[in-house]
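Colleague: I would like a close look at one part of this model. Please take the strand pairing slowly.

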Amino acid sequence: MGVTITQGPPGSSGEHMDFKLLEARGYSIEQESRLSYRGSPTGIKQVVLAIRGGKRHLVSHCKDQDSLRRHSRIQSLQAKIPHMAKILDRVESFLLWEEAPGKLLWELEDGRPSLGSIEDALREFVSAIGTVKLVHGDLRPWNVFFESKTKQFTVIDWGYSCFIGEQKSEDARLHISGRNPGVADAEVDGVDLGKTIASLRVPNRTEEIWKLPPNIFSWRPYPWTN
Ligand SMILES: Nc1ncnc2c1ncn2[C@@H]1O[C@H](COP(=O)(O)OP(=O)(O)O)[C@@H](O)[C@H]1O
Ligand SMILES: [Mg+2]
């Protein structure tokens, strides 16, 4: 099945992809609309699911060798990283991710976790990735899922990740330094963690987030900023 999915900044035309390779491995392909943050002017993104034996995987595509190498390294380290959606399979440059249960933190209305429990989980995550010199680079409420029955947190989206002391992708460089000027790479996730908690303290509902003046939120919600 061929599907056009949007990758990259809002307004970009999207990329047509062929999932024959995945179908040849026994996956069936479906498309779904999901709330995101970037990737589309509405905040809704088309995602691709690969399903096999009843198990659902989110599909992402590494657009270059650098991204593929970085994600392969993350996969090799993932057993040491609590609260991350794991990479369960890789087919050439496609990655198949464990589907995070629940909803993104900024979509949650009922069954919200306490701020203390969010902070505890994200600190465990940040500390574990710091130990292996990895920077997530985009630790914000739209990249963290929470499932209220099991109280499980799951971090997704390594699109701006990098390894400390190694050259960053252009995307990561612009995003990380642009958003946190002067903050050392090793501190970026800790700073974002603090902003995530601060931002969740204020708004109550998604619609209200949109009405807030930008700086209450520490960073402006889409569409005003990066
Ligand atoms: N492992 C996953 N489990 C569940 N949903 C996911 C997963 N990965 C991505 N998504 C969904 O797809 C959206 C976009 O994916 P993401 O990797 O965050 O890319 P981007 O932020 O660049 O659009 C997420 O906001 C989420 O709704
Ligand atoms: Mg994201």
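How many bridges join β5 to strand β7, and do they run parallel or antiparallel?

Modeller: Five bridges join β5 to β7 (residues 94-98), and the two strands run antiparallel. Strands here are DSSP runs (E, at least two residues), numbered from the N terminus. Two strands pair if DSSP finds at least two bridges between them. Within this pairing, Val59 has Leu96 of β7 as its bridge partner.

A word on the source. This is a predicted model, where local features need pLDDT of at least 70, side-chain atom pairs count only at pLDDT 80 or more, and totals for chains, interfaces and linings use all residues. Residues are numbered from 1 along each chain as its sequence is written, while chains are lettered from A and ligands numbered from 1 in the order in which they are written.

β5 (residues 55-61) also pairs with β4 (residues 44-52). That pairing is antiparallel, again with five bridges. Arg52 is bridged to Lys55 in β5. β4 and β5 make a hairpin, with two residues between them. In its turn, Gly53 has a positive phi of about 55°.

Now confidence. Mean pLDDT (the predictor's confidence in each residue, from 0 to 100) is 84 for the protein. Of its residues, 80% reach 70 or more. Over residues 6-13, pLDDT is below 50. Over residues 215-226, pLDDT stays under 50. Where pLDDT is low, the predicted coordinates should not be read in detail.

How values were computed. Two residues are in contact if their C-beta atoms, placed from the backbone, lie within 7 Å. Helices (H or I, at least four residues) and strands (E, at least two) are DSSP runs, numbered from the N terminus.
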